[in-house]
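The sequence and structure come first.

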Amino acid sequence: MKSKVIGAVSLAVAAAGLFAAAAPAFAQQKTITVWWGKGFYRSEDDALLDTIKKFEAKTGIKVELSQYAIQDMIPKTVAALDAGTVPDVAYSDSYDVQAQGKWAFEGKLEDLTDVMEPIKDRFVQNTLDASILYNDVTKKKAYYGFPLKQQSMHVEIWSDMLEKAGFKIADIPTDWAGYWTFWCDKVQPGIRKATGQRIYGVGQPMGVESTDAFQSFYTFMDAYHVKLVDDDGKLLVDDPKVRENLISALKDYTDTYIKGCTPPSSTTWKDPDNNVAFHNKTIVMTHNFTISIAAKWFEDSQNQALTQEQRDAGKKAYEQDIVTASFPKAPDGTTIRYRSDVKTGLIFTAAKNKAEAKQFISFLLQEDNVRPYIEGALGRWFPVTKESQASPFWQADKHRKAVYNQFTGGTAPFDFTKNWKFTILNNENIWAKAMNRVVSEKVPVDKAVDEMIVRIKQVAG
């Protein structure tokens, strides 16, 4: 009898042990918090949600997702850092431009080398470089972020409006001076005469609250081969040639406004405003740091909530009327090398569930997951992985091909990847402030440039 009792107790203990081993999967299921910038298109957000569902099913880790408007992400993140209540994973389109380098320098970001090193061969080198930042606490560079997608500068043109003005795409000059003169002196008078409406030849972003303004101005600086920092992040603004070329770039940028070739409101434009002006056909062309302008019309063509007439209008605009193009040749006749802005996600050192957060990142960056997310943005973002860049998606139409050709032609990084203090200058938007000094306050261009150089040295020196 005694041996039977002991045996029964042993079986009960063993059973309890098995239950205890299994219990954490149910009773103590891990949950990670993820903060993510809201996508531009529903298909983009749907792809992210699909990946999260697959991750939860595979790992048993629950994901608490919160999505916010881009303009809200940095204020919310800064508040969370101050309170010590950061999410486990965070992504915003604005992190890299405005904050990531500073946070890395201050030691607030988790080193993701263990995530990125095993998979780095899948990524294009420039996207890896943008994620390798300096930490002043550890006194070394490491992966303080993971590359997710990238964007660059494009020109969007209404070809049907150009034809109304009396010109064809083939008539657009490719030389720098001739190009800008064409839109101001020929296209604008032509379209106004043909329509009787106050339409502008160019949409030139100049608002201090617009990232488009500083990204566009960088393209003008690149046209004049302005190099503000060396590869180690050391300032080069004391070079007289840099000053001279900055003056040329700012003069060309502001001349469009002074000549009356861009809407007066462009000095206060925020990021969506040049898109809106283009969609409303109050401008014939604009430069934009994605092809979201064209993609909006593609989305309309697929949107079953719209009428057939509206879908047909979207299809016509996307396939026939809108042209995605490059900038003209630089003033010296060379081809401009465009900046690539590589968007990165983060884990903070204060995150509570870093191991599980890294699992999530590794899962998200698998080709089967990251590609639908990027392609769900309808061409607005270009991939960071070699395999995704070779996807047929990028050869499917003229707009995506233009993006593909521009990226595969070679790109350059922004200065904030070499000197994190340029994120402060971008936040201040000293570039747009200089533009407004010239066009609104009538300050001479050379004085506005000298003020800009002083501020660059104060902040980033």
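1. Basis. The model is predicted, so local features need pLDDT of at least 70 and side-chain atom pairs count only at pLDDT 80 or more, while totals for chains, interfaces and linings use all residues. Residues are numbered from 1 along each chain as its sequence is written, and side-chain values use heavy atoms, with hydrogens and water left out.

2. Domains. The chain is divided into domain 1 (31–150 + 342–409) and domain 2 (154–337 + 429–460); these bounds come from an automatic or database domain assignment. Their C-alpha centres lie 28 Å apart.

3. Domain interface. Contact (heavy atoms within 4.5 Å) involves 14 residues of domain 1 and 18 residues of domain 2. The two domains bury about 1,400 Å² between them, 58% of it on carbon and sulfur atoms; buried area is the accessible area (1.4 Å probe) that two parts lose on being put together, summed over both. On the side of domain 1 that touches domain 2, helix α19 (residues 398–408) gives the most, with six residues. Helices (H or I, at least four residues) and strands (E, at least two) are DSSP runs, numbered from the N terminus.

4. Charges across the interface. The count of salt bridges between domain 1 and domain 2 is zero, a salt bridge being a side-chain nitrogen of Lys or Arg within 4 Å of a carboxyl oxygen of Asp or Glu.

5. Disulfide. One disulfide is found in a search of the whole structure, the term meaning a pair of cysteine sulfur atoms within 2.5 Å. It joins C184 and C261, whose sulfur atoms are 2.2 Å apart. The pair links distant parts of the chain, 77 residues apart: C184 belongs to helix α10 (residues 176–195), and C261 to the loop between α12 (240–258) and α13 (273–279). C184 counts as buried because its relative accessibility is 7%, and C261 counts as buried because its value is 2%. Buried means under 20% relative accessible area, exposed over 50% and partly exposed in between (1.4 Å probe, protein chains only).

6. Helix α21. In α21 (residues 430–439), eight of the ten residues are buried, among them W431, M435 and N436. The buried residues of α21 pack against α11 (211–223), α12, α20 (422–428) and α22 (445–460).

7. Helix α14. The buried residues of α14 (residues 292–302) include W297 and D300. Their cover includes strands β7 (154–158), β9 (283–288) and β10 (322–325), together with helices α13, α15 (308–321) and α19.
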